[in-house]
Amino acid sequence: MRELIRCAWRELGRRKRRAAATTAGFALAALILFSVGNLLCFSRQTMSDILYNVGTHIIVSVPATGSEMTSAASGPWPIDSLNEAFYSEPNVVTQLLPRALASELAGLPAVLGATPLMLYRVKDSEKGFLFSIAGFDPKDKIALDNNLCSEKDIIAGTFIRSGDRGVAVVTDAFSITTGITVGSSVKISGISFPVIGIIKPGINPGKADVFLCLDDAVSVINPRLRQPMGDRVNSFLVEVKHGRQMEEAVSQIRGRIPDCLVNTFFCSVSAIRVLGMNEGAVWILLAIVLVGVTLYAMSSQWSSIVERRRDIGILKAIGWSDSEVVWQLGLESVIQSLLGGSIGCGLGFFFLAIFPVPAWISNSFSWNGELAGIVFLVGIVVSLFCGVVAGAVPAFYSARQTPAESIRSN
Amino acid sequence: MGKNERTARVILEARGVRKTFPSRSGGEIVALENVDLSIPEGLTTLISGRSGAGKSTLLAVLAGLDHPTSGSITFDGNALEKLDNSELARLRREKLGLVFQNFQLLPSWTAAENVEAVLMHSGIDRQARMARVEKILAELGLSGRFDNLPGELSVGQQQRVALARTLVNDPILILADEPTGSVDPQTAQEVIELLMERVRERGTTLLVATHGTFPETLADRQFKLAEGKIDSLCKES
């Protein structure tokens, strides 16, 4: 093999112009591949950011029918059913569901995490205004973040941590309208909860004014019901594995809870499709470039072989086997593709370091050396693959001819 | 060893060899027709004939460079039609020396590389290989020309490089196609002497195709080829 590599290298050295042109072709392809590859990674990173913010969060509940609410006089329904209710959307009254469903939802293939959530609309007993409370389990961060509220939403004070009891967090809007601030208390069902933080939750599927630990919420809601709710909640927060799996996740959730109401930001679906189309266009462009370069390299290698047809015939006449000829010619192509691939990817690195275009376009872009390294390697491997294909076809054709045919051809 | 003893074994034999090429009109051109030939070991055999008689085609077929349309060829006990391409290549590399009409040197390879090419896949390490290459080139008076490309050598030197390539693997049979056809008389004489020296010293079998430039007096046997057929056995010692 070493002899063949030496021989191939020597041959390339003696056909400098052709070798340089072919290598430049591979380098250009690798440069394009590297650039497009990084663009794709950038696009994916941006897409993930978008999808993370809009496309993976769900709140699940089952709406209650009017007959259920009126006929269930002794059920776990609000005593003041005109003002108070379990809700998911402001005007959607919901049924209660077993808490254990959370772990079943979390086990669905397209679901990353799920947590029980209690949403209840309360009438203030002293001033008579309505407000909503949310009871949640602070330890289920995956399903809470961007779905209801999290530590990053805090604008004053601190957030409720796992294990905290008897404390509350309120929204900035509730704080303004009621005058309740960090250090004061919010009173529900006769129990005072010191407010430890104020949040600005933004647009999330789960909405409330006051946030409590789930068990605290249950303890303040139960006295307001005709019967205690038991080990039940009225909704679940679900985090989907990826924005692309949103529809799949919704389908799986509906398979488990047939009458459920699934609320999410479905604008993400069209966003995903548009981003997917852009990515598809980039892949097609990439495929065209690679096919073009392979054909160019093949044509160059072909010309080289046609020029050297007599030489190949002589080598076979003096005892080179077909496979040795194929290896020799193939190695020439491989060397050119490896060299071109390395140069192209190296140039890509260089240009990206000097002109970090993605960083200029988006503030969210962060240089990922490992990713760029992978793109670099992929660029070289793809270039090598094209080189093997470009070299193999003419080499096998050449090997098929008898030495006499090859020598006669000159 | 006497000549008669050496002639006991037939090293190369052709039986009913026919070779045709397709013509542009869709028919076929018959290059060789029913050729029967036996080449005894250690002798010099001459195949003479006019240009276009089929000499080069016959040598190509005998060397396994081309496949006969029909018939069989046996070289050193191996039926060529039963060998695959890699076995044929090995046979040529190890046992056969070819002298081509126009030297057929690789133009982008140096003199030493042209000769080394024969040994490159023979399993000999590079140092030993180069030692052999340099020795044979030196024997042929090309000591200072190892790194010259063929284009930088005179016609006579090119022919000597081609001969070095033929002899470097110490073949048991040399097939020479017009070895003196493209060189001046002085070079032709040198080439003949070199070939005959190898025959004398090592008992190498020599088969020469010529249209008259190779001295008939040096041959032990001589066949005449006309229109692709062995016309007659002109001489047998």
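Trainee: Going by relative accessibility, what does Glu28(B) count as?
Mentor: Glu28(B) counts as partly exposed, because its relative accessibility is 47%; buried means under 20% relative accessible area, exposed means over 50%, and partly exposed is what lies in between, with a 1.4 Å probe and protein chains only. Before we go on, please keep in mind that this is a predicted model, in which local features need pLDDT of at least 70 and side-chain atom pairs count only at pLDDT 80 or more, while totals for chains, interfaces and linings use all residues. Residues are numbered from 1 along each chain as its sequence is written, chains are lettered from A and ligands numbered from 1 in the order in which they are written, and side-chain values use heavy atoms, with hydrogens and water left out.

Trainee: OK, and which residue does Glu28(B) meet in a salt bridge?
Mentor: Its partner is Arg18(B), with 3.3 Å from N to O; a salt bridge here is a side-chain nitrogen of Lys or Arg within 4 Å of a carboxyl oxygen of Asp or Glu. This pair links distant parts of the chain, since Glu28(B) sits in strand E2 (residues 28-40) of chain B and Arg18(B) in strand E1 (residues 10-22) of chain B, 10 residues apart. Strands (E, at least two residues) and helices (H or I, at least four) are DSSP runs, numbered from the N terminus.

Trainee: Which residues are joined into one network by salt bridges that share partners?
Mentor: Arg9(B), Glu41(B), Asp76(B) and Lys95(B) are joined in that way. Elsewhere in chain B, Glu13(B) and Arg15(B) meet in a salt bridge of 2.6 Å, N to O, and a search of the whole structure finds 28 salt bridges over all chains.

Trainee: Switching topic: how many salt bridges are there across the interface of chain B and chain A?
Mentor: The rule finds 2 of them there, and in one such bridge Glu113(B) pairs with Arg10(A), the closest N and O atoms being 3.3 Å apart.

Trainee: And how much area do chain B and chain A bury between them?
Mentor: They bury about 2400 Å², 56% of it on carbon and sulfur atoms, where buried area is the accessible area (1.4 Å probe) that two parts lose on being put together, summed over both. Gln104(B), Trp109(B) and His121(B) supply 23% of what chain B buries against chain A, more than any other three residues. The contact, meaning heavy atoms within 4.5 Å, takes 28 residues from chain B and 25 residues from chain A.

Trainee: Which helices of chain B each supply at least two residues of the side that touches chain A?
Mentor: Counting that way, they are helix H3 (85-95), helix H4 (111-119) and helix H5 (126-139), and H3(B) gives the most, with 5 residues.

Trainee: How many residues of H4(B) are buried?
Mentor: H4(B) is mostly covered, with 9 of its 9 residues buried, and Glu113(B) is one of them. The cover includes helix H1 (2-14) and helix H10 (309-317) of chain A together with H3, H5 and H6 of chain B.

Trainee: You mentioned H6, so is Gln157(B) buried or exposed?
Mentor: Gln157(B), which lies in helix H6 (residues 155-167) of chain B, counts as buried because its relative accessibility is 15%. Leaving aside residues up to four places away in sequence, Gln157(B) touches Leu142(B) and Arg145(B).

Trainee: Last one: how many helices and strands does chain A have?
Mentor: Chain A has 14 helices and 13 strands, and buried residues make up 50% of its 410 residues. Among contacts in chain A between residues at least 6 apart in sequence, 80% join residues at least 24 apart.
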